[in-house]
Amino acid sequence: MYLQFRDDVEAALTAALDALDLPTDDLGVEDPPEGVDAVLASSAAFRLAGEVGAPPPEVAGQIADEIDADEHDLLAAATAQGPYVNFLPSDAYYEGTVEAAQQADFGHLEPTGEEVVVEHTSANPTGPVHVGRARNPIVGDAVARVLSFAGHDVDRHYYVNDAGRQMAVFTWAYETFDEDDLDSPPERDKPDYDLVRYYRKGNAVLESGDPDEVEAAEDEIQAIMQGLEAGDEETYERVQEVVDTVLGGMRESLDRLPAEFDEFVKETRFLRDGSADDVVSRMKELDAAVYEEEAWQLELDEYGIDKNLVFLRSDGTTLYATRDLAHHEWKFENYDRAVTVLGEDHELQASQMNATLDLLGHDVDRLRQVVYSYVNLPEGKMSTRAGTGIDLDDLLDEAVARAREEVETRLDDRIRDDDLTDEDVSRIAEQVGIGAVRYDIVAKQPTKAITFEWDRALDFEAQSAPYVQYVHARCCGILEEAGVDPREAQRASDASGETASTASAAVAEGFDASLLETEAERDLVEVIGRFPAVVEEAAEELQPHIVATYTREIAETFNTFYRECPVLADDVDDDLRDARLALVAAAKHAVGNSLQVLGVAAPRSM
RNA sequence: GGGCGUGUGGCCUAGUGGACAGGGCGGAAGGUUCCUAACCUUCAGAUCGCGGGUUCGACCCCCGCCACGCCCGCCA
């Protein structure tokens with residue numbers, strides 16, 4: 001409805017400017033500040049003042065006068081307020097918004113038919129996922145969700161680095177050492193925690209072991225790398241055993257977020273199917289290709305990159321970057337667009353790859369990156385190899401434990417008589433704890449640096465997931481109290497909008513939105529109405545934190561409504577009650593679905 | 001040294017060149033016979049890193065500087 005309103009405003013504005021014989025290329029449509037009684041406004045008068053030869057307020061007046069609101073159903077009036085033209089919504093707009101938000105799939109945009117692959121996380125399978133990288137799966141999953149909401153056909157990929165030196169080291173170490181050689185038992189009974197000990201042991205030996213031992217190890221590591229490059233099946237099997245085992249453990253941790261993948265794309269695939277060789281041969285033909293110091297390189301000066309990209313070693317083997325090029329050509333073949341979520345330390349690489357793909361004749365506009373900076377500890381970086389850092393599992397466990405504590409202390413002075421079961425307590429602890437972690441990360445611009453602190457990451461008050469989740473629970477509480485099955489309602493918002501719930505449909509029947517006339521109610525309708533536009537913008541910009549900002553706003557607005565507008569009180573007239581109930585259902589969908597975009601659970605009770 | 005990114009009250013954070021820079025935490029003071037107080041209300045607190053410039057108008061664009069982070073391997 002908001003999007004339609006925006007179309008109407010643009011049409012009306014264009015027509016008015018045409019009638020006044022003014023240029024229509026800059027409509028200046030924007031969101032008015034808080035306290036202004038309009039859904040949209042235009043600042044075009046500022047720029048047109050010179051042309052008209054009159055001060056902006058006068059121009060705004062002329063434009064407003066030229067607009068006939070009656071021509072547009074959703075528009076009540078266009079009024080000049082100082083230099084601005086404000087567009088006020090009609091009753092039909094409020095009615096339509098509340099109506100539209102009754103649908104469980106509220107906020108999903110029209111299918112675009114565009115196939116998009118979102119690659120994220122792609123951490124080397126060397127050990128447990130730690131918090132330093134946790135931004136990647138959380139931001140990546142949210143990006144995938146927001147694109148999906150925006151109507152795209154989304155696949156999520158994890159690119160598995162199984163062909164590099166790290167995995168060769170790991171394989172050698174795993175095959176060489178025994179449990180007896182290791183210093184300590186695994187920190188958890190999980191394969192990634194088990195095997196990372198071999199990786200650490202191997203690296204320690206390589207760094208400061210007996211020279212003969214190190215030399216023998218290097219020979220073995222080289223043999224493994226050469227074997228992979230040559231497509232030797234036995235070597236491949238040996239490495240895969242380590243890769244798949246560790247990856248299995250990492251997946252379990254990622255699933256908790258949840259961050260799930262449609263495909264784990266292995267680097268060795270592009271070695272085995274010949275596509276890495278193929279891209280190498282085409283690169284050699286490029287004008288920018290040079291053969292220096294026995295290695296094939298690419299000069300990328302024309303892209304402002306003064307560092308040559310080596311794409312074939314002097315021993316004839318490929319590099320990570322080469323294989324990644326083959327990987328991206330594969331993406332281009334199979335998808336319309338590709339989004340990669342990567343750490344800031346990979347930016348140069350990404351720009352080199354972009355430049356190379358461009359040289360190879362690809363349309364690099366189809367490729368976009370979302371860059372985030374790593375989460376550090378107050379004492380410094382986290383490292384799998386060194387074993388410094390906080391494991392994601394530990395963070396999530398602690399989050400859930402603290403949330404549980406919180407639920408239990410609140411149990412005593414609970415007003416609501418809803419008899420939370422032990423299962424409810426566990427469910428809430430899980431939803432709130434993990435939600436808080438996700439929200440804390442997804443709500444910030446990914447380029448901002450984060451220093452990890454327990455208390456900051458696990459604050460359950462104010463601008464946090466629980467604040468928003470609580471609003472959802474309040475909505476569910478009211479609906480339940482009114483006789484609407486909360487599980488129906490819940491399922492509706494979980495089902496990615498396949499079917500509207502019967503419960504919500506029942507609420508939608510016969511309400512009169514014009515009864516919603518207090519400021520608190522109108523504000524709430526207006527904020528709910530913006531949700532599709534928020535999804536649209538977040539998808540366009542690949543910035544899920546925009547949705548997080550929105551959830552805070554709608555939560556705040558709902559809380560004001562909640563305080564000022566009783567729904568089920570005895571002295572509330574039946575018609576008003578129905579209208580408000582519809583509004584609550586609308587809010588529930590807007591809040592629930594915006595949380596869903598972020599991958600944060602929407603609890604039906606807290 | 002070069003490239004990229006970040007810099008908003010004590011702390012964290014939002015902010016398409018346009019209507020008084022929004023929130024939150026922490027601090028101070030209040031609110032629950034009423035649909036969940038993980039809530040709400042009020043107060044104090046800002047030279048938007050610094051200096052220039054463009055513009056009718058700059059946190060936002062341009063130039064210079066400072067601080068911090070990341071990168072600059074025939075590693076991944």
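Modeller: On one side, Pro191, Asp192 and Leu195 of helix 7 make contact with Val242, Thr245, Val246, Gly249, Met250 and Ser253 of helix 9; contact here means heavy atoms within 4.5 Å. Sorted by class, the residues of this contact come out as 5 nonpolar, 3 polar and 1 charged. For those classes, Ala, Val, Leu, Ile, Met, Phe, Trp, Tyr, Cys and Pro are nonpolar, Asp, Glu, Lys and Arg are charged, and the others, Gly among them, are polar.

A word on what you're looking at: this is a predicted model, where local features need pLDDT of at least 70, side-chain atom pairs count only at pLDDT 80 or more, and totals for chains, interfaces and linings use all residues. Residues are numbered from 1 along each chain as its sequence is written, chains are lettered from A and ligands numbered from 1 in the order in which they are written, and side-chain values use heavy atoms, leaving out hydrogens and water.

Back to our pair. Helix 7 covers residues 191-208 and helix 9 covers residues 233-255; helices are DSSP runs (H or I, at least four residues), numbered from the N terminus. Their axes sit 7 Å apart, at an angle of about 135 degrees. Axes are lines fitted to C-alpha atoms over the stretch in contact, and angles run from 0 to 180 degrees between N-to-C directions. Helix 7 and helix 9 are therefore oblique to each other, since angles under 35 degrees count as roughly parallel, over 145 as roughly antiparallel, 65 to 115 as roughly perpendicular and the rest as oblique. As for handedness, helix 7 passes helix 9 in a left-handed crossing, where the near helix is turned anticlockwise from the far one by less than a right angle.

Elsewhere, RNA strand B has 66 residues around it, and Glu30, Tyr84, Asn161, Glu293 and Tyr470 come nearest, with a heavy atom within 4 Å counting as near. By class, that surface has 28 nonpolar, 16 polar and 22 charged residues.

Note on methods. Helices (H or I, at least four residues) and strands (E, at least two) are DSSP runs, numbered from the N terminus.
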